[in-house]
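Subject: Model handover and notes on its interfaces

Dear colleague,

I am passing on the structure we spoke about, together with my notes on it. Please read the notes beside the model itself.

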Amino acid sequence: MTTASGNAATLQGSAKPPSWLHRNRIKLAPWFFLLPGLIFFSVYVIIPIFQSIWISLFAWDGLGAKEWVGMANYVELIDDDRFYTSLKNNLWWLVLYMLAVPAGLAIALFLNQTVTGIRFYKSMFFFPFVISQVVVGLIFSWFYNPSFGVVGIVWEFFGATPPSILGDEDLVTFGIIFAGLWPQIAYCMILYLTGLNNVSPDQVEAGRLDNAKGWKMLWYIILPQLKPATFIAIVVTVIGALRSFDLIAIMTQGGPYGSSNVLAYFMFETALSEYGFRYGYGSAIATVLFVIMLVYISFFLWRMYQDEKG
Amino acid sequence: MLNIIKRSAAALAVASLVSAPVLARDLVINFDDPNPAPKEGFETAVEKFKAANPDINVIVNITDREAHKTAIRNFLSAEAPDVTSWYPGNRMAPFVNAGQFEDVSDLWEAEGFNESLASTQSAMTIDGKQWGVPYTYYQWGIYYRKDIFEANGIDVPATWDELLAASAKLKAAEITPITIGTKFLWTAAGVFDYLNLRTNGYEVHNDLTAGKIKYTDPRIVDVFNKWKELVEPGYFIENHATMSWQDALAPFVQGEAAMYVMGNFAVAAMRDAGLTDDQIDYFPFPEITPGVPRAEEAPADAFFIPSNAKNKEDARKFLAFVAQPDVQTEWNATIGQLPINSNSSVGDDKFLQKGFETVSTAQGLAQFYDRDAPAEMAKGGMEGFQEFMIKPERMDAILERLDKIQDRVYK
C-alpha cells in the first residue's frame, strides 16, 4: 500500500512531500467510516449518561429553575422503601427469567426431529415472540382475572377461591415474570434450534460408538457444541429481564401500591409519569440502574475480549 | 400525525382563500378529549365561535387525555398553542409557577367572571390572580342501582349508619355493596375525599391537601377508621386493585354490585352499557358527623393561554366566549355536565338536575384529592389509600409513611 501512495505522488510529478492527510490515510480511513456511528452513539448514549448523572444532583421539575441539592437525591433513595421493592423485584426478574434458557433448550430438543409438519409446530412455538409485548401483557392480565379469567375458572373447578394474582403484592411480580417467560422461552428456543442445526453429526456418531446416551450425550456432546447459543441466550435473557418495562406498564403500572415496580419503571414513574416530574430523583434512580448494569456489561465485554483473544 | 394532516389541510384551506377580503389570523387551540360527546361539545362551540368571529382562522388539535398530560410540558415551551385545555387547582400550579400560563385576571375583571364564575374562582386562583377560564364541572356522589335497592327493600341512605345498614343488607343478599376499580388509584381518592369531607368538613380537606395537617392527625385517623368500617366487612368489591373504573362498571351493570362512588361522567358509560334511567339513580354521599356543613367534590375543566402564545388577543376572545352563559348551557347539555356560569341553565337530565341541586347548595367545592394536593403527595397518598383498602391492618404504617412524604413535599 505504501508503494501505491508513492506511485501516486510521482505520477503527480510534484516535488512537494505528500500531505499529512495523504500519508496517514490508511490509519484515518477506519475512523472516517466510524465517525457517523460515533457521533450518534455519543449524542444519544454517551453524553446523556453524563447528563443524567449531572441532573441527579439537582432538584428539578423540568419546568422551573434547577436547584443544586448535591447527594440529597441519593440520600433519599437509600431511605425509600419503593427503591428496595424495585431492587428486590429486579433481582427476582434476573433469577427467574433465567428459566427461559433451560426451558427453551428443552423445547428445542423436543422439536429437533423430522416429523411431517414439524416446521408448522416450530413456528407455532415461536409465535409468542412475534406478538407485541403489549398484547402479551393484555392477554395475561385477562387470563389472571379471578372473575372471568382462565386462572379463576381452573381454581373454581377445584373448589378453591381464585387468588387475584395481579392484585396481591406477594404474587404480582411472579405473575408478570411468568407472562414475560412465555415469549422469552420462544426466543431461547429459536436460538437453540439454529444451534442444533450446527451440531456435528460425526461427534454424535463418535459418542454413540463410545456408548454415550441420554443425559451423558446431552451434557458431554451436545451442550458443549451449543455453547455459543447458550451464551447468546443468557445475554438476551438478562437484557430482557432488565428491560422488563412494557409488561409492567401494561399489566399493573407498578401496582398494587408500587409492589410490582422494577427500577426502570420506578424511574419512569418518578421522572415522567402523570404524578412524577422529579427529574433529579428519576436521574438518581437511572444512575443506580446504570451502575448495576455496568457490572453486567463489563463482564460481557471482558468475556467477549477473552473469546476474541482466542 | 393527524394533527399535521389537519394543520396542512387548514393551511391549504387558507391558501385557497387568498381572495378573502380580510387576512385571517390563526388561533391554535389544543383540546384533550377525543371521546364522542366531549368532542362534539367542543367542536360545536368552536363552530359557533368561528361564526361570531369570521376573521379568525381557528386551528384545532384534539389529543387523547393521557397523551395531552405529557405533551403539554413540551408544547408550552416549544411550540405553544394560543389556547390549551388543562385543570385548575394544584394541577395548574407547576405551569403557573414556571411562568408558562398567562395571567387572565384582567379578563375576569372585565367580563364580570368574579361573580358569574364565582363557584370555581378559588380553584382558578394562585397568588391572588386568575390563570384560566373554566367551562364545565361535574358532581361526584354515589350512583346506585335503584332496581336492586327496591328489590331488597333498601331506602336511599342519608346517614353513615344507614349506609352501613344498606351495605350489610346487600352483602347478605350476596350483592357487593360498593364497586370500585383502583388500578389507576384516583378512584380511591374519591372515596377518601368524601369520607374526609363528611367526617371533618371542607376546611380539613383544604388544610390536609395544603400540607397543614399531618396524616397521623386524630381527625385523619378518624377518617381511616370510618373507611375501615366499609373495608373490613368486605363492602368493597374484591380484586379492585386490578380493575380500571370502566372494568369496575361491569359488576354494577350485571347487577352484582349496587353502588359506585363516582363522577357524573360514569352515567354515560352506564347508559351505553344498557342500563335505563329507571335502573340507575344518584344520591349525595351520606352525612357522617352530624352538623358538618356539606361540601362536595366538583372538579372543573378549564382553558388557559400559554405565555408563549402568539395570538393572545384572540385567545382572550375565545376564553371570554367559552364562559358565556349560552355557550356553557349548550356545551354542557351535550357532554352531560354542569355549566359553571351562574346565568347558564342546566340540562333537563335527572342526574344533571340532582347534581346541580347538590353542588349549588354545598358549603364548599373541592376539586379532587389529586388536584388539590401537589402531584407527588397525591401519588404517594393514593398508593396509600389503595394499600389501605387491601391491607387495612397496615393503617398506622401507611399514615406514618404519608407523613414522611408530606414532610418532603411541602418543605
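Predicted model: local features only at pLDDT ≥ 70, side-chain atom pairs only at ≥ 80, totals over all residues.

The side chains of B:Arg408 and A:Glu76 meet in a salt bridge, with N and O 3.1 Å apart (a salt bridge being a side-chain nitrogen of Lys or Arg within 4 Å of a carboxyl oxygen of Asp or Glu).

Residues are numbered from 1 along each chain as its sequence is written, chains are lettered from A and ligands numbered from 1 in the order in which they are written, and side-chain values use heavy atoms, with hydrogens and water left out.

**Chain B against chain A**

Five salt bridges are found across the interface of chain B and chain A, and 10 residue pairs, both at pLDDT 80 or more, are in polar contact there (a pair of N or O atoms within 3.5 Å; within protein, one must be able to donate a hydrogen and the other to accept it, and residues adjacent in sequence count only if both atoms are side-chain atoms). On the chain B side, helices H3 (65–75), H4 (93–97), H19 (375–390) and H20 (395–409) each supply at least two residues, and the largest share, nine residues, comes from H19(B). By class, that side has 10 nonpolar, four polar and 14 charged residues, where Ala, Val, Leu, Ile, Met, Phe, Trp, Tyr, Cys and Pro count as nonpolar, Asp, Glu, Lys and Arg as charged, and the others, Gly among them, as polar.

The contact (heavy atoms within 4.5 Å) takes 28 residues from chain B and 25 residues from chain A. The area buried between the two chains is about 2,400 Å², of which carbon and sulfur atoms give 52%; buried area is the accessible area (1.4 Å probe) that two parts lose on being put together, summed over both. In chain B, the residues that lose the most area to chain A are B:Arg73, B:Lys183 and B:Lys379, together 23% of what that side buries.

**Within chain B**

The domain assignment, which is automatic or from a database, gives domain 1 (2–137 + 300–366) and domain 2 (140–297 + 374–409) in chain B, their C-alpha centres being 30 Å apart. Between these domains about 1,600 Å² is buried, with 50% from carbon and sulfur atoms, and B:Phe351, B:Gln363 and B:Ala366 supply 40% of the area that domain 1 buries against domain 2, more than any other three residues. The count between these domains is three salt bridges; B:Lys350 forms a salt bridge with B:Asp281, the closest N and O atoms being 4.0 Å apart.

**Within chain A**

Chain A is divided into domain 1 (2–55) and domain 2 (75–309), whose contact takes four residues from domain 1 and five residues from domain 2. The area buried between them is about 350 Å², of which carbon and sulfur atoms give 76%, and zero salt bridges are found across that interface.

With best wishes

Terms used
Helix = DSSP H or I, 4+ residues; strand = E, 2+ residues; numbered from the N terminus.
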